[in-house]
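I opened the model to look up its charged pairs, its helix packing and its confidence values. The entries below follow the order in which I checked them.

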Amino acid sequence: ARPAGSQLGEFRLIRHLRRRFGQTGRSVLRGIGDDAAVIRSSPGRTLLLTTDLLAEGIHFDLETATFEDIGYKAAVANLSDIAAMGGTPRYMLVAVAIPPSRTSAEVERLYRGLMRACRPYKVELVGGDTSASRHGLFLSITLTGFAQAGLALTRDGARVGDLLYVTGTLGDSLAGLNLLVTGRKRRIPAGGGSNERHRQYLRYLVDRHLHPTPRIKEGQLLATHRLATAAIDLSDGLSGDLAHVCEESGVGAEIETTALPLSPACRAYAAASHTDPVRLALTGGEDYELLFTISPGNRAKLDRLAQRTGCRFSRIGTVRPKRFGLRLRRGNGSSRRLAIAGYQHFQDLRTIPQGAAWSR
Ligand code: ADP
Ligand code: MG
């Protein structure tokens, strides 16, 4: 991986485009630089806008995912960006470019997956575009949503001393991807050697990869209770996404590795594959959990909210001054700089392993 300081690739391109062409003003409250744009709309409400483009061979691979899986996950990627703003998703536009080898039945399956992910949130498909493609399938989704005026969660509000939290568990999606790529051959040791437990773990990890849950409810709770000072969804890996929050907020951060929430299945997978589970948690993209910060005074309030709603919030670290940088503290007290090793486009496309489906 490149040193964290040399911001090449995707992030650098976006930063350039933002400086050169981006706009914020009276109606654009947040433009380029957050999970969704925030636009002033009717009194009391802001409009949220987000879009995502998925390309065959880069974001998905039909070897390890079905058309329904791809549709499902594409919808979740967008729903999750609205969740990260603390918003309510509403309308969706879908554009597809279809290579000659694909049938209309396959495209329909893609849409079935899309709609299945949207149904719990009553998101409605209202338009899109269709084109032929010479090389591979492309899927572009645009999603609108809304938030109460002044309550949208942005990446720029973290303050020194704030506590760093995540929802759910980390690393499951990457473990599930690895299992899919290795053909589910790896054996996960389960307590007592139970085969049933082993199968449960496999199913859980693969499902977390193919059918992640957008944390809409959690985002809305954090926004309406005015708890989060900043938030982002984990789509590129904790280390990279934390760097976005720190950059937007002008702060540093310290993560405590012993505090990273790991599922029993992820721990078992890590042990069986001789992988460091902390690495899975830090670099695995696509967990679609939320990373957020709260002021220390709100800790008890957040605990009560978690108890009342059954949401899982884990404290994983602390916001530090900018000069502190991004650091990782191990259980033994040792500390090192956090390398940003999530997924970045254009960083070096040739190093993407074959079959790294969904590895964004
Ligand atoms: P996310 O992972 O949350 O979808 P991205 O890393 O894709 O966010 O994008 C970060 C920010 O940059 C977002 O505000 C997004 O709208 C903006 N952005 C990304 N690509 C472009 C582009 N080609 N032109 C303009 N804005 C872009
Ligand atoms: Mg996002």
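**Entry 1: Glu 286 and Lys 73.** I looked up the salt bridge between Glu 286 and Lys 73, whose closest N and O atoms are 3.2 Å apart in this predicted model. I counted a salt bridge when a side-chain nitrogen of Lys or Arg lies within 4 Å of a carboxyl oxygen of Asp or Glu. The partners sit in distant parts of the chain, 213 residues apart: Glu 286 in the loop between helix H9 (277-283) and strand E10 (290-294), Lys 73 in helix H2 (residues 67-84). Helices (H or I, at least four residues) and strands (E, at least two) are DSSP runs numbered from the N terminus. Both Glu 286 and Lys 73 are buried. Buried stands for under 20% relative accessible area, exposed for over 50%, and partly exposed for what lies in between (1.4 Å probe, protein chains only).

**Entry 2: conventions.** Residues are numbered from 1 along each chain as its sequence is written, and chains are lettered from A and ligands numbered from 1 in the order in which they are written.

**Entry 3: Arg 30.** Side chains of opposite charge can pair when their charged atoms come close. I found 23 salt bridges by the rule above. One of them joins the side chains of Arg 30 and Asp 34 at 2.8 Å, N to O, and both of these residues are buried. Arg 30 has a second salt-bridge partner, Asp 156, at 3.3 Å, N to O. Arg 30 lies in strand E1 (residues 28-30) and Asp 156 in the loop between E6 and E7, so this pair ties together parts 126 residues apart in sequence. The relative accessible area of Arg 30 is 12%, whereas Asp 156, at 27%, is partly exposed. I then traced the network of salt bridges that links Arg 18, Arg 30, Asp 34, Asp 35, Arg 155, Asp 156 and Glu 248.

**Entry 4: Arg 155.** Where does Arg 155 lie? I placed Arg 155 in the loop between strand E6 (138-148) and strand E7 (163-167). Arg 155 is buried, with a relative accessible area of 13%. Its side chain makes a polar contact of 2.9 Å with the side chain of Asp 35. A polar contact is a pair of N or O atoms within 3.5 Å; within protein, one must be able to donate a hydrogen and the other to accept it, and residues adjacent in sequence count only if both atoms are side-chain atoms. Beyond four places in sequence, the residues in contact (heavy atoms within 4.5 Å) with Arg 155 include Arg 30, Asp 34, Asp 35, His 244 and Glu 248.

**Entry 5: Asp 81.** I went back to helix H2 for Asp 81, which is buried at 9% relative accessible area. The C-alpha atoms of Asp 81 and Asp 35 are separated by 5.0 Å, although the two are 46 residues apart along the chain. Leaving aside neighbours within four places in sequence, Asp 81 is in contact with Asp 35, Ala 36, Thr 50, Asp 52 and Asp 233. The side chains of Asp 81 and Thr 50 make a polar contact of 3.4 Å.

**Entry 6: helix H8.** I listed the buried residues of helix H8 (residues 264-272): Ala 265, Cys 266, Ala 268, Tyr 269 and Ala 270. They pack against helix H4 (172-181), helix H5 (195-210) and H9. Just after H8, His 274 takes a positive phi of about 55 degrees.

**Entry 7: whole chain and confidence.** I counted 10 helices and 13 strands in the protein chain. Buried residues make up 52% of its 360 residues. Among contacts between residues at least 6 apart in sequence, 83% join residues at least 24 apart. Mean pLDDT, the predictor's confidence in each residue from 0 to 100, is 89 for the chain, with 89% of residues at 70 or more. Residues 1-7 stay under 50 and have 9 contacts beyond four places in sequence. Residues 345-360 are also below 50, with 44 contacts beyond near neighbours in sequence. Where pLDDT is low, the predicted coordinates should not be read in detail.

How values were computed. This is a predicted model: local features need pLDDT of at least 70, side-chain atom pairs count only at pLDDT 80 or more; totals for chains, interfaces and linings use all residues. Side-chain values use heavy atoms; hydrogens and water are left out.
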